Amino acid sequence: MTDQTKAAGSATLNYGGKTVDLPVLSGTTGPDVIDIRKLYGATEAFTYDPGFTSTAACESGLTFIDGDKGTLLHRGYPIDQLAKHSNFVEVCHLLLHGELPTASEYESFERSITMHTMLHSQFDRFFEGFRRDAHPMAIMVGTVGALSAFYHDSLDIHDPVQRNISAIRLIAKMPTIAARAFKYSVGQPFIHPKNDLNYAENFLRMCFAVPAEEYEVNPVLAKAMDRIFILHADHEQNASTSTVRLAGSSGANPFACIAAGIACLWGPSHGGANEEALNMLKEIGTPEKIPEFIAGVKDKRYKLMGFGHRVYKNYDPRAKVMQESANEVLAAVGDPNDPLFQVAKELEQVALNDEYFIERKLYPNVDFYSGITLSAMGFPTTMFTVLFALARTVGWIAQWQEMMADPSQKIGRPRQLYTGPTERDYVPISQRG
Ligand code: SDX
């Protein structure tokens, strides 16, 4: 526990004829926690919380979410202020080191990332093993895990210097790998990073430049891309971050842990929702079809993808910024009257005023508008979750670093409520009915 954790009294549990006093701990803000680490020893009973709706699995100082107020803070700074005034590389420094960098800190931090954007030339051969129509997320899961086969000089997880080198390598190389996954899927040659471009510019150029002509990065798209990266950087103990922490708790190397996070993010209930949300808007097609779709959601035939959240029971603050980005990008390169954008805005208004969604506190989340923006920027829907994984890598590795720096860290090993057969003797096959 850090020195920010304070004792805040105790909770008394009466169970099995015993009375157990459980310590209550307070952080700097947000809900207190009831420390149950001694519960099983005192009662021989487990707590039961599938889906972890009421469980704090760790202590963290990185990101705070207030689901009722719809606020998101990274090291105390509100996401809307970071999206407006900061840039992704600066947010990476904030998440990794706890403070916004001074000008000289920023310059050396950005330089350290720039100098690690290239991949080992043998790494490019990994892509050749995939079919051209492989989903880019399948390529990401496979290739990011393979990074551990190349960087034996930074796999000692107990050395903070090597942990930091791995963090920089992952943040720096994810855009290069993601761009290669995209280029491979469209059958175009890989484009190498250029050191005179910033993080978002470099990524857009690696995705959309071709050797046959010069490529000029559109500044509106670069700004929108950078802002989208900021919005996806970290988000408390979500499913993929918890996956990274659990993988890391066994002592697995950081590249393997991030590959595990990518695999978890792929699910349509999590990072895969941005791809599904755009597919849903295409399926609906026109505002006239919205009532029929909403009826299907109420009949539980479909989910409203890009809506709802385990924590936000109010508007996801990232969705507001994402909608602004959609407006800017559509005005710059798309059709401000893009029919899918019109369907999305109409669908949002219908849902926000419908009792079914109001009583379930379902609001747009970060994935609702991202697909429209990314599509207008030229990305196919299969790349949407790849971009989420690219941005979230800094959050995953910052959370992993925080866990690895905790001297009390131990392997995560949940228990269960067993409902299978009780002990019975083996029956030879000749005696089975
Ligand atoms: C991300 O955790 C994070 O922080 C994740 C994330 C991050 O940055 O890491 O924010 C990124 O994953 C955002 C969420 C993206 N997923 C989607 O947009 C998929 C659609 N959303 C749902 O699958 C759902 O809302 C979840 C998974 C996001 C949250 O589900 P919960 O908290 O487990 O809520 P629930 O399933 O218990 O739902 C409560 C009720 C249920 O209805 P009833 O059984 O009470 O009648 O709300 C309904 C659900 O059926 N419901 C929805 C719905 N989401 C919940 N109904 C229709 N459409 C939806 N989207």
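Analyst: Gladly! A salt bridge here is a side-chain nitrogen of Lys or Arg within 4 Å of a carboxyl oxygen of Asp or Glu. By this rule the count comes to twelve salt bridges. Please keep in mind that this is a predicted model, in which local features need pLDDT of at least 70 and side-chain atom pairs count only at pLDDT 80 or more, while totals for chains, interfaces and linings use all residues. Residues are numbered from 1 along each chain as its sequence is written, and side-chain values use heavy atoms, with hydrogens and water left out.

User: What makes Arg37 and Asp35 a salt bridge?

Analyst: Their closest N and O atoms are 2.6 Å apart, and the rule asks for a separation within 4 Å, so the pair qualifies.

User: Which parts of the chain does the salt bridge of Lys298 and Asp354 tie together?

Analyst: Lys298 and Asp354 form a salt bridge with their closest N and O atoms 2.5 Å apart. Lys298 lies in helix 13 (residues 290-298) and Asp354 in the loop between helix 15 (339-352) and helix 16 (355-359), so this pair joins parts that are 56 residues apart in sequence. Helices (H or I, at least four residues) and strands (E, at least two) are DSSP runs, numbered from the N terminus. As for accessibility, Lys298 is partly exposed at 35%, whereas Asp354 is buried at 14%.

User: How do you know that Cys58 is in no disulfide?

Analyst: A disulfide is a pair of cysteine sulfur atoms within 2.5 Å. A search of the whole structure finds zero disulfides. For Cys58, the nearest cysteine sulfur is that of Cys257, 14 Å away. The sulfur of Cys257 is in turn 13 Å from the closest cysteine sulfur, in Cys264, which is too far for a bond. Cys257 is buried at 0% relative accessibility, while Cys58 is partly exposed at 28%.

User: Why are strand 1 and strand 2 said to pair?

Analyst: Two strands pair if DSSP finds at least two bridges between them. Strand 1 (residues 6-15) and strand 2 (residues 18-26) share eight bridges in the antiparallel sense, so they pass that test. Ala11, for instance, has Leu22 in strand 2 as its bridge partner. The hairpin has two residues between the strands, and Gly16 in this hairpin takes a positive phi near 55 degrees.

User: Why is helix 12 called roughly perpendicular to helix 15?

Analyst: Helix 12 (residues 273-284) packs on helix 15 at an angle of about 95 degrees, with the axes 9 Å apart. Angles under 35 degrees count as roughly parallel, over 145 as roughly antiparallel, 65 to 115 as roughly perpendicular and the rest as oblique. That angle therefore makes helix 12 roughly perpendicular to helix 15. Axes are lines fitted to C-alpha atoms, for helices over the stretch in contact, and angles run from 0 to 180 degrees between N-to-C directions. Contact (heavy atoms within 4.5 Å) involves residues including Leu278 and Leu281 of helix 12 and Val343 and Leu347 of helix 15.

User: What makes helix 17 mostly covered?

Analyst: Eight of the ten residues of helix 17 (residues 367-376) are buried, among them Phe368, Tyr369 and Ile372. The elements covering them include helix 9 (219-231), helix 12 and helix 15.

Key:
Buried < 20%, exposed > 50% of the residue type's maximum accessible area, 1.4 Å probe, protein only.
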